[in-house]
Amino acid sequence: MKKISTPYLLLLPGFAFLFVFFILPIINLAQTSTQTRVVGGDVLEYEQTLRLANYLDAFIENREQFTRSFIYALIATVLALLISYPLAYALAFKAGKYKNILLVLVIAPFFTSFLLRTVAWKQILGEEGFVVPSLRTFGIISENTTLTSTSFAVVMGMTYNFLPFMTLPLFASIDRIDPRTLEASEDLYANGFTTFRRVTLPLSMPGVVAGTLLTFIPAAGDYVNAQILGNPNTKMIGNVIESRYFRIVDYPTAAALSFTLMAAILILVTLYIRKAGTEELV
Amino acid sequence: MADSANSARGDLKLTRITKSYGDFIAVDDLTLTIPEGSFFALLGPSGCGKTTTLRMVAGLEEPTVGSIHLGSTDITITKPYQRPINTVFQNYALFPHLTIFENIAFGLRRRGIKDVDEAVNKVLNLVELPHLAQRKPTQLSGGQQQRIALARAIVNRPALLLLDEPLGALDLKLRRQMQIELKWIQKEVGLTFVHVTHDQEEAMTMADTIAVMNEGKIEQMGSPVDLYDNPKTAFVANFLGQSNLIKGSLVGTDSDSLIADLFGQKISIPRARSHAADSSIYAGIRPEKFRISLLQTPTSGNVLGGGKIEDVSYIGVSTQYQVMMPWGQELMVFEQNDDGVAPFQIGDYVNISWEPVFTFALRGDEDAAAGTEVMPEDLDEE
C-alpha cells in the first residue's frame, strides 16, 4: 500500500468536519432552493421541480431588504474602520507596557453573549439610558425623538458588535510596521499627514482589507441587531430568511435567498479585493 | 517648503545639549562643532549617547536643554521634515511597499523636485545598482539594501548626512568594503557625513575627525592619529586600540620631556603628551611600540627591565607577547614578524624598550581599566 504522508492525514479530521457540516448542508440547501410546494399537499410537503424562478421571485420580492442590508453593513463597516484605526494605531505604537491589557479589553466583550450585548444597547439608547437625555439637553435631538427601534440603533449595534473583528486585524498589521520606516518618511520631508497617506496606510492595507471583510460579511447577513434594535421598516435580509425558515416555513424561498446573499457577498468581496489591490497585500 | 531652515547650510553646532529621560541622562551638556564638508564620526560604546545625539540632530528627538544650529539657523525644534538633513538608518528602514526607485524618489517627490527620474538614475549608478530599480526592498541582500538606504538619503543632497551604525548588520568583509566605498562617495558628493559607530576601526578608517563619547560626554575629539597617539583619558586609550597603562610618578624635567619613575625605573615622556594634573600619573604605551630584547642586549630610549615572557601568540603578521613585569603587571607587546628572528620563548627574561616620543601620560587618579570591558554592541540597542 502506498504510504500516505502525515500532513494529509492531519488534514483529514478538518475535511471530514467541513464535509459533514458544510458541504452536505450546502448541497441540501441547493436542492431545497429549487423545490415547490406539492399542490394540495401538506404545509411541509415539497417536491423537486428545479424551479430556478424561485431565485428571481425571492430577490424581486425582497429587493428592499437586500439593499438595506448592504447599506447598513457598509455604514457599519466604515464607522468601525474610523473607530478602529486610531484605536489600533494607538495600541500598536503608543500603548507601551499597557498594550496587552488594552488588547484584552478589546476582546473582553466576547466574554458576554452577542444577544445580551445587543439587548444592552437597547437600554443604552432607551429613554432610561443616559444617551437620549444628554442629547436632548444639548439640543442635538428634539424632545420627542427616540433612538430605539430606529435604523440608527441598528447600525450602531452592528458597528459595536463587529468592532473587534475590525480592530484585531488592523492592530496585527499596524503592529508589524517598523516604526523606523515612519521616522524615515519624516526624515525624507514627509509631514505627519503625508507619512500616514504614503507609508502607514499602504503598509496597513492588509489589515484594512481583512478587517473590513470580517466586519462587512457578517454584518450583511446579520439579523439580530435589526430584530432587537430595529422596527419593521429596518428589516434586513437576514430577518427575512429567518422568518421564511422559522415562521412561514417556506424553505425554498429561504434557501434561494441564502444563496443569493452568498453570491452577492462573494461578488462584492471579489470586486473589493481587486480594487484594494492584491499587490499591497503582500 | 523652501523656508530658511530647509535651505540652511554650514557647520553644525551643538551648544550645551542635554537630553534626559527621567533620571537617566543620555547626553550630558555636550558642545560640538562639525565643520561643513567633513566626515565626522561619533564613536562610543553602547549607551554612550551617540545615537541620541544623532537623533536630536535629525529632529527625531528634542533636546531637554541646549540648542542646535546649522550655519546660522537655529534648528533645535524644527521638525525632521523641515531640516535639510537626511539619515541612513540602522537596519535601513526602507519602505517595504515601494520599489527601489520609489524609495529613492520619496524625498524628491515630497519636495516637488522635477527630473526625479534623472536624479534617481544618477544616484543608482553612483551606488552601482541601476538594475535593481524595479525590485522591492525584501528582494535585496543586506549589502544592497545598505546602498539603497544611502542612495535614498544622498539623492536629496542634504546639508548633513547622518549615518546611524549603517554597516552594523553587514558581515565583516562586506563592512570593510563598504567603509572604503562610503568614504569615496563622501568625497564624490562633497556632503557633510556624521557617522555614529561603536567600531573604532570603522571610525578610524573613514572619519577625518572622531569624537569619542562616553556616558553622555565627549571624552576627546581629534583626528584618528591624534586620538591614537595622544589619548587624553584612560577611556580613549583603551577604547581606541589597546594600551599598556603603568602607574608612576613625575620626578623631574629635562628640556621638552618629563621624567617619570615607574616602580623604580626612570623613563621620559614628551611634555606635549602629558595630561597629568599632578605628579601622580599613568604612563601609557601602545603594545606595538614596544621592542623586546634579551636582558644582556644593549638598548636605547625608554627601557623597563626584568620582564618575563608569560605567553606567546603567533598570529602571522605579528607575534603577541604577555610580559610579566617585576611589579606584577602583565604588559602587552606586539612585535612585527619582519626581522627573521625566531620569536621569544615563554620563560625568557627580557627588557622592554621603546622610543620616548611614543609615551603619553594620563592622570594618576583615572580608572586604568576604563573602556576595556566594553561589550560588543547589540544591533538593536539605543
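User: At what angle do the axes of helix 1 and helix 12 of chain A cross?

Analyst: This is a predicted model: local features need pLDDT of at least 70, side-chain atom pairs count only at pLDDT 80 or more, and totals for chains, interfaces and linings use all residues. Residues are numbered from 1 along each chain as its sequence is written, with chains lettered from A and ligands numbered from 1 in written order. Helices (DSSP H or I runs of at least four residues) and strands (E, at least two) are numbered from the N terminus. Axes are lines fitted to C-alpha atoms, for helices over the stretch in contact, with angles from 0 to 180 degrees between N-to-C directions; those of helix 1 (residues 6–33) and helix 12 (residues 251–276) of chain A come within 7 Å and cross at roughly 120°.

User: Which class does the orientation of helix 1 of chain A and helix 12 of chain A fall in?

Analyst: Angles under 35 degrees count as roughly parallel, over 145 as roughly antiparallel, 65 to 115 as roughly perpendicular and the rest as oblique. The crossing is at roughly 120°. Helix 1 and helix 12 of chain A are therefore oblique to each other.

User: Which residues of helix 1 of chain A make the contact with helix 12 of chain A?

Analyst: Contact requires C-beta atoms, placed from the backbone, within 7 Å. Helix 12 of chain A contributes Tyr251(A), Pro252(A), Ala255(A), Ala256(A), Ser258(A) and Phe259(A). From helix 1 of chain A come Leu29(A), Thr32(A) and Ser33(A).

User: Which helix gives the largest share of the side of chain A that touches chain B?

Analyst: In this interface, 16 residues of chain A are in contact with 16 residues of chain B. Helix 8 (179–187) and helix 9 (192–221) of chain A are the elements that give two or more residues to chain A's side. The largest share, 6 residues, comes from helix 8 of chain A.

Note on methods:
Two residues are in contact if their C-beta atoms, placed from the backbone, lie within 7 Å.
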